[in-house]
Amino acid sequence: MNQKLQNIIENMENMRIGADDKFQFGCRQCGKCCINREDILCNPKDVFRISKKLGISTYDFIKRYCDTYLGDTSHMPIVRIVPHDAAGHCPLLEKNKCVVHECKPTVCAMFPIGRCIAIDRSKKDPKELKVGDIQYLFVHPDCGDKSPTHTVREWLEQFGIPMEDEYFIEWNKTITVLSPLIQKGIAKLKAYDMNQIINLVFIKLYLDYDVKEEFFPQFIANRDMIIKLMHDLPIHGGV
């Protein structure tokens, strides 16, 4: 776990903010948040929207601009945008402006607001997640103008991010359901076989899309196929 994420977890209570609570921040378009960032993660919807904007396939977008790895604890495939020069500039930054501004990664669009879903799996089935489980965080920035005042609701709506974000809920359901299945597979299957399965998970969640069609139905179909595959593997007996 990187230090920044560790700090957020340790200070989450102090950072928590309600949907209609106010915060102060004004972007000066200094580009500081686009430099020396190793933590710009893209979810499948981000990959789809940016690929569509650039007129390339999801495969080509990830190949040109990203790297992928497995989460330390989740063992889920993760996609990260990689700085492209010695100064650490985001590869999607040109003349200090984001070339995919209208469909930039969600973590960039929401800044300085973050969101998460924290549940106790022993008390709640991940498949029962709902909009009310989303929690918002104000990540105190060290840039920008502190005079403009916004509510979280206003800020997200300004960037086209719905408060009742069905995709965000379904993506978190996907992670909470798939992660234990992948970990069980790693413990029970041969390394080669599990690597092939993880590769398929990555392909279906991030790559296997027609950018001319709507994203969400394709995502649900791909996700459900992978979950069924994992449930059909010979990894569940005696556990």
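This is a predicted model: local features need pLDDT of at least 70, side-chain atom pairs count only at pLDDT 80 or more; totals for chains, interfaces and linings use all residues.
## Nonpolar cores

Y206 also belongs to the largest nonpolar core, which has 42 residues. Along with F61, I62 and M230, Y206 has the most contacts inside this core. Two or more residues each come from α3 (44-54), α4 (58-65), β5 (77-81), α7 (166-188), α8 (191-207) and α9 (215-232). Helix α8 gives the largest share, 8 residues.

The whole structure holds 11 salt bridges. One of them joins the side chains of R80 and D67, at 2.7 Å from N to O. R80 sits in strand β5 and D67 in strand β4 (residues 66-70), so the pair ties together parts 13 residues apart in sequence. R80 counts as buried, at 12% relative accessibility. D67 is partly exposed, with a relative accessible area of 27%.

## Salt bridges within helices

E170 pairs with K173 in helix α7, 3 residues apart, about one turn of the helix. Their closest N and O atoms are 3.2 Å apart. Both residues are buried. E170 and K173 are also linked with R223 and D224 in a network of salt bridges.

In helix α9, K228 and D232 are 4 residues apart, about one helical turn. Their side chains meet in a salt bridge of 2.8 Å, N to O. Are these two residues buried or exposed? Both K228 and D232 are exposed.

Technical notes: Residues are numbered from 1 along each chain as its sequence is written. Side-chain values use heavy atoms; hydrogens and water are left out. A nonpolar core is a set of buried Ala, Val, Leu, Ile, Met, Phe, Trp, Tyr and Cys residues joined through side-chain atoms within 4.5 Å. Buried means under 20% relative accessible area, exposed over 50%, partly exposed in between (1.4 Å probe, protein chains only). A salt bridge is a side-chain nitrogen of Lys or Arg within 4 Å of a carboxyl oxygen of Asp or Glu.
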